[in-house]
Amino acid sequence: MKRICTGFLLLLLVSANGFAQSIDQIVEAVRKQYAPDKRVAIFNVEADSLGNLTGFTNLPEAKQALLNQLKAADRPVVDQIQLLPSPVLGEKVFAVVNVSVANLRSNARHSAELATQALLGMPLNVLDKDRNWYQVQTPDQYISWTDSGALQLMTRADYEQWQAAEKIIYTSPVGFVYSESSKRSQTVSDIVAGDMLALVSEQRQCYQVRYPDGRTGYVLKRDAQRLDRWQAMVRPTENALVSTAKSLMGIPYLWGGTSVKGMDCSGFTKTVYMLNGQQLPRDASQQVNVGELVETPGKNFSQLRPGDLLFFGEPATLDKPERVVHVGMWIGNNEFIHASGQIRISSMNPTAPNFDVYELNRFLRAKRVAKTSFY
């Protein structure tokens, strides 16, 4: 009798494990379909041996697809998947960056890897909260965490009011917002290229501006423009892209950086294009999927134009896929500019003093992205 009971329990365990594995396979298939890139989508869902589905996602359509597929496969489950934004946020599921440069990290702590940065005035979707940290998604869909001091949380009504407000964009590399219309007055904060603030009034030499949290101050007009006018005139032309890139020379390399306070390679190209009115994806491995291929047979760069992006890394082999790990921008004369230690200019010409044999050897391909938006 004891042997019969033991065998029956073993059969139950095997059946339960097989049942869970089948659900896991469906969960994984849905994840690969709807959230293949965890940088821009969340689908952290698990199933236990009893068919309880737990975890969270910011993709309602993925959750529904999962439930539909499980039902079609005749796999009964208990749905405990939490849709983001988290209920703990209440109505404040929007935010706007409230400091010149917000550091966004891979996890909810200051010691976590710097994933990317967000600029003053940038709108964010808020997904979750962990102590004094908020998980946010940027306009280019990048998901990461930042501390509460960098944000102004908003309800939908507050957010729509901010979005509708007339704004200025800061166009000089770096400067200050002042408490009065004089450089001798107290500074309110620093400000960097690409930052945006609400416009309160326009004076002869200054813009009076408002921060997302309601603070006010003054910006010198020579260092900024009305956002609508800037958008109407700015273009990612060859000359403009090269001029902007060279204006950032010497800025130090910073992993995760996308501002003049420090940049990584893709943060640099993203910033150059952003300051000329065009948005690029965040990472080199994402940017390589934008634009049109420029032929470079045998690493012949004669067809490249200033502003074209050069991608570097490891080519695909039978054992592993291609890895795009670095990006730079062509500026002509066999030279490209990139973030490597600092923003620097390197050459593909073996006789040039700034010849970069390392990057030449790992060059993969070039893309022309000017006037091509990924949105």
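**Model walk-through**

Modeller: Start with Asn333, which counts as exposed because its relative accessibility is 69%. Exposed means over 50% relative accessible area, buried means under 20%, and partly exposed is in between (1.4 Å probe, protein chains only).

Colleague: What should I know about the source?

Modeller: This is a predicted model, where local features need pLDDT of at least 70 and side-chain atom pairs count only at pLDDT 80 or more, while totals for chains, interfaces and linings use all residues. Residues are numbered from 1 along each chain as its sequence is written, and side-chain values use heavy atoms, with hydrogens and water left out.

Colleague: Back to Asn333. Where is it?

Modeller: In the loop between β22 and β23. Asn333 also has a positive phi of about 55 degrees, although it is not a glycine. Helices (H or I, at least four residues) and strands (E, at least two) are DSSP runs, numbered from the N terminus.

Colleague: How many helices and strands are there?

Modeller: The protein has 8 helices and 25 strands. Its C-alpha trace spans about 95 × 55 × 35 Å along the principal axes. Of its 375 residues, 49% count as buried.

Colleague: Which sheet has β22 and β23 in it?

Modeller: An open sheet of 6 strands, in the order β20-β25-β21-β22-β23-β24, with antiparallel pairing. The edge strands are β20 (292-294) and β24 (342-347), and each pairs on one side only. From one strand to the next, the twist averages 35 degrees. Two strands pair if DSSP finds at least two bridges between them.

Colleague: How many bridges join β23 and β24?

Modeller: 6, in the antiparallel sense, with β23 covering residues 335-340. Phe336 stands opposite Ser346 in β24.

Colleague: And β21, what does it pair with?

Modeller: With β22 over 6 bridges, antiparallel. Gly313 stands opposite Val324 in β22. β21 also pairs with β25 (residues 363-368), antiparallel over 4 bridges. There, Leu310 has Ala366 of β25 as its bridge partner.

Colleague: β21: mostly covered or mostly exposed?

Modeller: Mostly covered, with 5 of its 6 residues buried.

Colleague: Which helices lie across that sheet?

Modeller: Take α5 (residues 238-247), which lies across β22 (323-332), β23 and β24 and runs at about 110 degrees to β22. Then α6 (residues 265-274), which lies across β21 (309-314), β22, β23 and β24, at about 45 degrees to β22. Axes are lines fitted to C-alpha atoms, for helices over the stretch in contact, and angles run from 0 to 180 degrees between N-to-C directions.

Colleague: At what angle do α5 and α6 pack?

Modeller: About 130 degrees, with their axes 9 Å apart. That makes α5 oblique to α6. Angles under 35 degrees count as roughly parallel, over 145 as roughly antiparallel, 65 to 115 as roughly perpendicular and the rest as oblique.

Colleague: Left-handed or right-handed crossing?

Modeller: Right-handed. A crossing is right-handed if the near helix is turned clockwise from the far one by less than a right angle, and left-handed if anticlockwise.

Colleague: Which residues make the contact?

Modeller: Leu241, Thr244 and Ala245 of α5, with Phe268, Val272 and Tyr273 of α6. They divide into 5 nonpolar, 1 polar and no charged. Contact means heavy atoms within 4.5 Å. Ala, Val, Leu, Ile, Met, Phe, Trp, Tyr, Cys and Pro count as nonpolar, Asp, Glu, Lys and Arg as charged, and the others, Gly among them, as polar.

Colleague: New topic. Where is Arg39?

Modeller: In the loop between α1 (2-34) and β1 (43-47). Arg39 counts as partly exposed because its relative accessibility is 25%.

Colleague: What does Arg39 touch?

Modeller: Gln141, Tyr142, Ile143, Asp283, Ser285 and Gln286, not counting residues up to four places away in sequence.

Colleague: Tell me about Gln141.

Modeller: Gln141 sits in the loop between β8 (133-137) and β9 (143-147). Its phi is positive, about 80 degrees, although it is not a glycine. With a relative accessible area of 38%, Gln141 is partly exposed.

Colleague: Last one. Which peptide bond is cis?

Modeller: The one from Leu84 to Pro85, with omega near 10 degrees. Pro85 is in the loop between β3 (78-83) and β4 (94-97).
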